[in-house]
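Please look over the structure below. The report that follows takes up strands, aromatic pairs, a loop residue and a database record.

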Amino acid sequence: MGFFGNQFSDVVEWEEFREDQIFWKWTNNEVKKGSKLIIRPGQDAVFMNNGKIEGIFEEEGEYDIESQIVPFLSTLKGFRFGFNSGMRVEVLFVNTKEFTVRWGTQNPINIPSPQLPGGMPIRANGTFQFTVSDYIGLIDKIAGVRDSYIVDDVKIRITAILDQLLMRWISKEGKDMFNLQANAHEIGQGIQDDLNMQLMEDGLKVTGFQVMSFNYPKEIQDMINKSASHGMVGDVAKYQQISVADAMGKSSGSNAASDMAGMMMGMNIAKEMMDGQKEQESRKQQNTAGTGSMDSATQSGANDKPAPKFCPNCGQKNEGAKFCPNCGQKLVS
């Protein structure tokens, strides 16, 4: 009696709104005569009676419950407030935004791989998005027994099954186990579909799932980086010559052993250049031996000294140019 004799009307609203809160239930037992409903941007208000939805209100604003809400309730539209009587309902406020959550594997996932008998331990991380899509499912599975629900609750549930889904879709869509990022979209799409099947019963919908990166063990990552470096060089022979020249430069003046190693490498390079020059001379002789008479322009070209295969100054491989493309040394007199 004293409660309903209060001169102040109730205001049904979600005051302590949090960005990470999916829903919050207004917990007063009765709505009194003259009460107001306030719906803020990004909120829906769901009126429930005995666990069943009476009405869903989506437009933001302030409403008089008796005149603007009750007439639209399914089974309570004929309710009339008395002096000492209130309407027993629950009001569920739902956050309508799309939530974005970061995820990451807690422990490495051993993905079956033909190259590694024990499997390849891989970590991954990324983001996923979800939103509330079905209020009936949300109330039946979650809101019926809880007064609030936050993003971390969904994250914990998804993390519990994420390792299995990653293993399944990496094995299915990971065409190159050493370059999984190339198939990250297909892997993410498959996981998104499976997560939807898990969460749709709770009234939630996964709207996106992204794999930002796959992380390999250090030894495997070093191997991948080395392979990529070789691929960027393209000409492996040239890469080897540059590596030898760098090693000679680093070893110069260090100690007797390194000087000897540098000398041996230099001799090998010189031998390779001499062999290249001999091969060039041999080809020239073969070309000129089978020719008969040539005009003066052809004879003049035949008398030109061919360019060496390697620059005698820096060791750079040459493809017939008259000047070294590396150091500018003149190769043909």
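## Strand pairing

Two strands count as paired if DSSP finds at least two bridges between them. The model is predicted. In it, β3 (residues 36–39) and β6 pair in the antiparallel sense over 4 bridges. Ile 38 has Glu 62 in β6 as its bridge partner.

These strands belong to an open sheet of 3 strands, in the order β1-β3-β6. Pairing in the sheet is mixed. The edge strands are β1 (11–12) and β6 (61–64), each of which pairs on one side only.

## Aromatic pairs

The structure holds 11 aromatic pairs. One of them joins Trp 14 and Trp 24, which are stacked at 6.3 Å centre to centre, with 15 degrees between the planes. Trp 14 lies in the loop between β1 and β2 (21–26) and Trp 24 in strand β2, so the pair ties together parts 10 residues apart in sequence. Trp 14 is buried at 1% relative accessibility. Trp 24 is partly exposed at 25%.

Trp 103 and Phe 209 also stack, at 5.1 Å centre to centre and 20 degrees between the planes. Trp 103 sits in β8 (residues 99–104) and Phe 209 in β12 (residues 204–215), so this pair ties together parts 106 residues apart in sequence. Trp 103 is buried at 5% relative accessibility, and Phe 209 is buried at 6%.

## A loop residue

Asn 50 lies in the loop between β4 (43–49) and β5 (52–57). Its phi is positive, about 55 degrees, although Asn 50 is not a glycine. Asn 50 is exposed, at 74% relative accessibility.

## Database record

UniProt lists residues 310–331 as "domain: Zinc-ribbon" in an unreviewed entry. In the model, this span is 0% helix and 0% strand, and its end C-alpha atoms lie 9 Å apart.

Notes: Residues numbered from 1 in each chain as written. Predicted model: local features only at pLDDT ≥ 70, side-chain atom pairs only at ≥ 80, totals over all residues. Heavy atoms only, no water. Helix = DSSP H or I, 4+ residues; strand = E, 2+ residues; numbered from the N terminus. Buried < 20%, exposed > 50% of the residue type's maximum accessible area, 1.4 Å probe, protein only. UniProt positions renumbered as here; feature names shortened; annotations may be inferred. Phe/Tyr/Trp six-rings, centres within 6.5 Å; stacked < 30°, edge-to-face > 60°.
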